[in-house]
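Dear colleague,

I am passing on the structure that we talked about, and my notes on it follow directly below. Please read them with the coordinates open beside you.

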Amino acid sequence: MKCLPRKCQLNFLDQGVCPLRGVRLSQKYPPVKFLSEKDRKRILITGGAGFVGSHLTDKLMMDGHEVTVVDNFFTGRKRNVEHWIGHENFELINHDVVEPLYIEVDQIYHLASPASPPNYMYNPIKTLKTNTIGTLNMLGLAKRVGARLLLASTSEVYGDPEVHPQSEDYWGHVNPIGPRACYDEGKRVAETMCYAYMKQEGVEVRVARIFNTFGSRMHMNDGRVVSNFILQALQGEPLTVSHWCFCPICSDLVNGLVALMNSNISSPVNLGNPEEHTILEFARLIKSLVASRSQIQFLSEAQDDPQRRRPDIRKAKQLLGWEPVVPLEEGLNKTIQYFSRELEYQANNQYIPKPKPARMKKSRTRHN
């Protein structure tokens, strides 16, 4: 510390900051359970800095496991997991799963993929690569190290369903060349890859078909129904409604993923909320909770938008003992609080360019 005056060194140390690197010497983390060596697992979460991935990271860290998060930050954000940075059980790697990854792990939660229509349609080729090549790379890793892999699949594999509610044995009704196909078909082939590796190479796989979900850490501009409605209501803008139905799932999803990973169920399992609401009901509820004066406007339907989707979760209830328990309004209120803080944060940290100083006029006086 010879490079700094003694008084400055002491001031830095009093604040818990390393004077040479400018980083904190100690940091308070959420409470973490202690697990013995035989019970503690090394767990990889791809897409772990995203909305669902970061909440899964929190649970597994607090349960006492060693967690490695891999994310390329296309839709994920470092701030979603920054409260764990520096913890001895946590590691964050900036990596794209389209490239191979060599790491020793016991379990892999493969969540990497943009999940909202605007994000996955922004770069459809990249979405396809993430769900195909990325899944192949993770299955290859699972094979090499003997890890169990859970694929975060989606209700989109059912497409615009002709059967209601959708059970896991329904094959779906998907347009393979439509604007959503990069995601729908990408997830369908990812499931196919999982079962090919299971049958041919003996890899242990778990497949969760996740229905629409919401909660804190959702990206504000991801274009999904909940984030759109809440932002529009908070900002006094019209709530834009299309005509299909929506089945929300709250933060219970993470518990379902962990239960499925640690079960003996290798076939696909729906994780969703069978409580059905129309989009109009949903818009009115959010408007009421926000106490917004926003008007409700109807939009034309997007191409291949599902008219109705509702999960049959009997399999999850019977075999996992899982079902959603968080009431809809409670989940919405927490999400509204999160978006309110995000809007306030943006307003307080908005870049305001400094005015340029007035330029001095050159003197026209002639000097003899």
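The chain of this predicted model averages a pLDDT of 83, with 81% of the residues scoring at least 70; pLDDT is the predictor's confidence in each residue, from 0 to 100. Where pLDDT is low, the predicted coordinates should not be read in detail.

As to conventions, residues are numbered from 1 along each chain as its sequence is written, and side-chain values use heavy atoms, with hydrogens and water left out. Because this is a predicted model, local features need pLDDT of at least 70 and side-chain atom pairs count only at pLDDT 80 or more, whereas totals for chains, interfaces and linings use all residues.

The second largest pocket holds about 500 Å³ of space. A pocket here is an open set of points on a 1 Å grid over the protein atoms alone, where a 1.4 Å probe fits, with protein on both sides within 12 Å along at least five of seven lines; lining residues have an atom within 4 Å of a point, and the volume is the space filled by probe spheres set on the points, which are joined across faces, edges and corners. Its lining has 23 residues, of which H55, G215, S216, R217 and Y338 lie nearest the centre. Two or more lining residues come from each of α2 (51–62), α7 (252–261) and α10 (328–348), and α10 gives the largest share, seven residues. Helices (H or I, at least four residues) and strands (E, at least two) are DSSP runs, numbered from the N terminus.

Y338, found in helix α10, counts as buried at 8% relative accessibility, buried meaning under 20% relative accessible area with a 1.4 Å probe and protein chains only. Leaving aside neighbours within four places in sequence, Y338 is in contact with R77, S216, R217 and M218. The C-alpha atoms of Y338 and G215 are separated by 8.2 Å, although these residues are 123 apart along the chain.

Eight of the 10 residues of α7 are buried, so this helix is largely enclosed by the rest of the structure. What covers those buried residues includes α2, β4 (107–110), β5 (148–154), β6 (205–210), β9 (269–271) and α9 (314–320).

Best regards

How values were computed: Buried means under 20% relative accessible area, exposed over 50%, partly exposed in between (1.4 Å probe, protein chains only). Contact means heavy atoms within 4.5 Å.
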